[in-house]
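Here is a walk through one structure, taken step by step. Keep the viewer open as you read.

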Amino acid sequence: MREQLLAWWHGGPGDMGWGPAWWGVSMLALLAIGVGVAFFLTRRQPPIRAGYPPYQPPYQQSPEDMLAARFARGEIAEEEYLSRLATLRGGQSG
């Protein structure tokens, strides 16, 4: 039995048998696994922290928007709003 197994594994005279073939198959399998791992690591998306929205830079209000917000809250009167708005836009207050 042992001789038959060795003859199948190593082959007969002048025949290399399946031994070297399994080495080639195993090397191809390892190469495929390595390529798959490299592909997975380079293609996956960065993790998103649960409960947190993606980062967005803070909104920068324009001076006109800030002036309009002050007017809407009632912090400044209409005349002052129009005067400052004209100044911001480059006109003369008047």
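Buried means under 20% relative accessible area, exposed means over 50%, and partly exposed lies in between, with a 1.4 Å probe and protein chains only. Residues are numbered from 1 along each chain as its sequence is written. The model is predicted, so local features need pLDDT of at least 70, side-chain atom pairs count only at pLDDT 80 or more, and totals for chains, interfaces and linings use all residues.

Start with confidence. pLDDT is the predictor's confidence in each residue, from 0 to 100. The protein has a mean of 79, and 65% of its residues reach 70 or more. Helix 1 (residues 2-10) has the lowest confidence, at a mean of 61, while helix 4 (residues 78-88) has the highest, at 94. Helices here are DSSP runs of H or I, at least four residues long, numbered from the N terminus. Where pLDDT is low, the predicted coordinates should not be read in detail.

Now the rings. Rings of Phe, Tyr and Trp (its six-membered ring) pair if their centres lie within 6.5 Å; planes under 30 degrees apart count as stacked, over 60 as edge-to-face and the rest as tilted. Phenylalanine 71 and tyrosine 81 are its members, stacked at 4.7 Å centre to centre with 15° between the planes. The pair links distant parts of the chain: phenylalanine 71 sits in helix 3 (residues 63-73), tyrosine 81 in helix 4, ten residues apart. Tyrosine 81 is buried, at a relative accessible area of 15%. Phenylalanine 71 is partly exposed, at 33%.

Another phenylalanine gives a further case. Phenylalanine 40 lies in helix 2 (residues 19-43). Its relative accessible area is 52%, so phenylalanine 40 is exposed.

Conventions. Heavy atoms only, no water. Helix = DSSP H or I, 4+ residues; strand = E, 2+ residues; numbered from the N terminus.
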